[in-house]
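Good morning, and thank you for coming. Please look at the sequence and the structure on the screen while I take you through them.

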Amino acid sequence: MAWDEWEQLKNQAAHKQSARMQLNQLPADGGGGSTPQGDLTVDQKDLAAIGDRAFKLWEGLGRYGRDAWSSSQTAASDLKTQGFTLGGAVDRVQSRWEEQLTSLLDACAHISNHMDFTKKAHQGDEYYIGGQISSISTLDKGFDGGKGH
């Protein structure tokens with residue numbers, strides 16, 4: 001390959017990469033068509049739904065994933081007892097399955113617990129903010145019209 005051809009290929013690759021990168025951003029003028037802009041919002045219903053789905057996934061994986069683990073453990077043991085080398089391979093697959101299943105169960109539990117915690121934390125924040133606003137409006141009433149003071 002000639003040096004000029006190599007340089008040309010590098011320039012083409014760099015051009016393709018920069019064009020691809022531009023697809024993932026807004027134009028410089030800040031436009032975006034009719035797409036609304038603003039903060040990401042999540043309400044209690046969304047948090048509860050995510051936590052509930054994670055908990056249901058955790059339950060199903062725990063129940064059915066462990067059944068598969070138990071069955072493969074029994075199969076591996078039976079094959080090894082009968083002298084089949086395949087028993088050792090099934091045993092290794094079963095061990096890896098258990099590691100992955102445990103990791104996935106932990107992740108689901110973490111998501112579910114975090115959503116519960118987040119929901120409770122935001123409820124506490126809402127209660128606190130509501131109390132603060134209520135106190136302010138009560139104070140404001142004392143200044144309205146100067147009645148009684």
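Of the contacts in this chain with a separation of 6 or more, 69% are between residues 24 or more positions apart. What you see is a predicted model, and its elements are three helices, with zero strands. Read from the N terminus on, the order is α-α-α.

Let me turn to confidence. The average pLDDT of the chain is 76, and 70% of the residues score at least 70. Among the elements, helix 2, residues 44-81, has the highest mean pLDDT, at 86, while helix 1, residues 3-22, has the lowest, at 69. Where pLDDT is low, the predicted coordinates should not be read in detail.

Next, the surface. The accessible surface of the chain is about 12400 Å², and carbon and sulfur atoms account for 58% of that area. How many of the 149 residues, as a percentage, count as buried? The figure is 10%.

I now come to helix 2. The buried residues of helix 2 are Leu-47, Gly-51, Ala-54, Gly-60, Leu-61, Gly-65 and Ala-76. After helix 2 comes Gly-83, which has a positive phi, near 85°.

Please take Ala-54 as an example. Ala-54 belongs to helix 2, and it counts as buried because its relative accessibility is 8%, where the cut-off for buried is under 20%. Which residues does Ala-54 contact, leaving aside its neighbours within four places in sequence? They are Cys-108, Ile-111 and Ser-112. With Ile-111 the C-alpha atoms are 6.3 Å from those of Ala-54, although the two residues are 57 residues apart along the chain.

Ser-112 is part of helix 3, and it is buried because its relative accessible area is 6%. Not counting residues up to four places away in sequence, Ser-112 touches Gly-51, Ala-54 and Phe-55.

My next topic is charge. Side chains of opposite charge can pair when their charged atoms come close. The structure holds four salt bridges, and I shall discuss some of them.

One of them joins Lys-56 to Asp-52, with the closest N and O atoms 3.3 Å apart. Where do these two residues stand relative to each other in helix 2? They are four residues apart, so about one helical turn separates them. Asp-52 counts as partly exposed, because its relative accessibility is 34%.

Glu-99 and Arg-96 form another salt bridge through their side chains, at 3.0 Å from N to O. Both residues lie in helix 3, three residues apart, or about one turn of the helix. Glu-99, at 47% relative accessibility, counts as partly exposed, and so does Arg-96, at 48%. An α-helix has 3.6 residues a turn, so residues three or four places apart point the same way.

A further salt bridge is formed by the side chains of Lys-80 and Asp-91, at 3.1 Å from N to O. Which parts of the chain does this pair tie together? Lys-80 lies in helix 2 and Asp-91 in helix 3, so the pair links parts that are 11 residues apart in sequence. Lys-80 is partly exposed, with a relative accessible area of 42%. Asp-91 is also partly exposed, with a relative accessible area of 26%.

Finally, I would like to show you a patch. Tyr-128, Ile-129 and Ile-133 make up a nonpolar patch on the surface, and together they have about 330 Å² of accessible area. Tyr-128 is located in helix 3, which covers residues 86-143. Is Tyr-128 buried or exposed? Tyr-128 counts as exposed, because its relative accessibility is 53% and the cut-off for exposed is over 50%.

Thank you for your attention.

Definitions and conventions. Residues numbered from 1 in each chain as written. Predicted model: local features only at pLDDT ≥ 70, side-chain atom pairs only at ≥ 80, totals over all residues. Heavy atoms only, no water. Patch = residues over 30% accessible without salt bridge, like charges linked within 9 Å, V, L, I, M, F, W, Y side chains within 5 Å. Areas by Shrake-Rupley, 256 points an atom, 1.4 Å probe, with all protein chains shown as cover. Buried < 20%, exposed > 50% of the residue type's maximum accessible area, 1.4 Å probe, protein only. Contact = heavy atoms within 4.5 Å. pLDDT = per-residue confidence, 0-100.
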